[in-house]
Amino acid sequence: MRDKVTILVPATTANLGPGFDTLGMALDIRNALTVSVADDFAIEVEGEGAAAISRGPDNVIYQAIRTAFDRAGVAIPPLRLQVRSDIPLARGLGSSAAAVAGGLMAGNALCGGRLSMDDLLALGYAFEGHPDNVTPALLGGCVASAVVDGKVAYARVPLPENLRTVLFIPDFEMPTKEARAILPDPVRRADAVFNLGRVALLVAALSTGRLDLLRTATEDRLHQPPRQAVFPAMPLLFQAAIEAGALGAFLSGAGSTVIALCVDKEEAIGAALAAAAGRASLSGRILATRPSDLGAGESPDHSSSRRF
Ligand code: HSE
């Protein structure tokens with residue numbers, strides 16, 4: 001068994017518009033987690049949402065580490081966790097999936113890597129209840145996933161190399177549990193067909209570089225319209241981003257972040273999002289970043305995100 005490991009784990013955006021609970025993409029924003037065998041249990045957190053993160057054994061990262069130890073059949077020693085958090089909490093950027101993926105990866109590394117990626121994906125899904133954030137958090141890139149008997153079937157969606165993202169991260173939170181509770185069930189067949197066409201188009205458009213299709217391919221009728229009840233300005237932000245040159249725009253995961261896809265014009269899109277947010281009296285911040293091929297792992301951090 002190893003006595004210390006540092007894991008970098010990416011933020012993720014889920015759904016990408018129509019791919020509710022099935023599509024997710026890692027972003028070039030990362031948390032760093034160092035776990036070492038220690039004399040006493042301790043959790044230290046700095047950065048985004050540090051005050052809101054539990055320092056007790058109920059901490060999600062610790063729970064995930066513990067799960068990896070249990071599954072590997074290794075008794076867990078007292079651990080010291082040091083977390084540097086760059087992923088905003090409850091903004092649809094996969095902070096919870098990053099905690100789970102980082103913890104599972106760290107626990108598995110400390111135990112000597114006995115668990116396979118399929119094991120980690122199944123454990124991650126069991127924590128999250130949907131696979132679309134935790135799959136790209138573990139694997140990196142853009143990933144389509146489906147759950148089969150508790151296991152995650154997945155395939156990478158190749159992305160155009162020049163694809164970029166501009167984020168408006170509101171100051172208000174949309175906790176996933178609440179943002180899922182407002183979704184209607186069952187859905188209308190016409191809405192299901194609308195989304196099926198768009199998600200198929202989105203995967204095809206991304207993998208073949210048909211960026212001209214992204215505006216249509218990022219539309220959604222399953223989760224964004226009902227979520228407008230708690231985020232009425234959402235369509236105005238989408239429209240502002242498109243008018244400034246974005247190829248498509250969507251609510252990131254369960255919100256509240258809005259993401260615009262582009263290949264250039266990041267500053268103009270950021271300025272348009274900020275202006276639209278201002279008109280709607282919404283405070284928040286703009287971040288330009290890009291998809292990342294790196295999933296959770298011990299790789300160096302090459303973050304190229306820019307705040308402006
Ligand atoms: N697919 C999930 C949702 C993502 O939209 O509720 C949550 O981050």
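Predicted model: local features only at pLDDT ≥ 70, side-chain atom pairs only at ≥ 80, totals over all residues.
Residues are numbered from 1 along each chain as its sequence is written. Local features need pLDDT of at least 70 and side-chain atom pairs pLDDT 80 or more, whereas totals for chains, interfaces and linings use all residues, and side-chain values use heavy atoms, without hydrogens and water.

**View 1. The shell around the ligand.** The ligand is surrounded by A14, N15, F20, D21, H130, D132, N133, T176, R180, R227, G253 and A254 (a residue is near if one of its heavy atoms lies within 4 Å). Three of these shell residues are nonpolar, five polar and four charged (Ala, Val, Leu, Ile, Met, Phe, Trp, Tyr, Cys and Pro count as nonpolar, Asp, Glu, Lys and Arg as charged, and the others, Gly among them, as polar).

View 2. The side chain of N15 has an N or O atom 2.8 Å from an oxygen atom of the ligand (a polar contact is a pair of N or O atoms within 3.5 Å). A polar side-chain atom of D21 lies 2.5 Å from a ligand nitrogen atom, and one of R227 lies 2.9 Å from a ligand oxygen atom. On its own the ligand has 260 Å² of accessible area, of which the protein covers 97% (Shrake-Rupley method, 1.4 Å probe).

**View 3. Elements and domains at the ligand.** At least two shell residues come from each of β1 (4-15), β2 (19-37) and α5 (176-181) (DSSP runs, with helices H or I of at least four residues and strands E of at least two, numbered from the N terminus). Because domain 1 (4-157) and domain 2 (164-289) both give residues to the shell, the ligand lies between them (bounds from an automatic or database domain assignment).

**View 4. Backbone features in loops.** The D185 to P186 peptide bond is cis, with omega near 5°, and P186 is found in the loop between α5 and α6 (189-208). The peptide bond from G255 to S256 is also cis, with omega near 15°; S256 belongs to the loop between β8 (248-251) and β9 (258-262). In the loop between β1 and β2, L16 has a positive phi of about 50° although it is not a glycine.

Technical notes. Polar contact = N/O pair within 3.5 Å; in protein donor to acceptor, adjacent residues only side chain to side chain.
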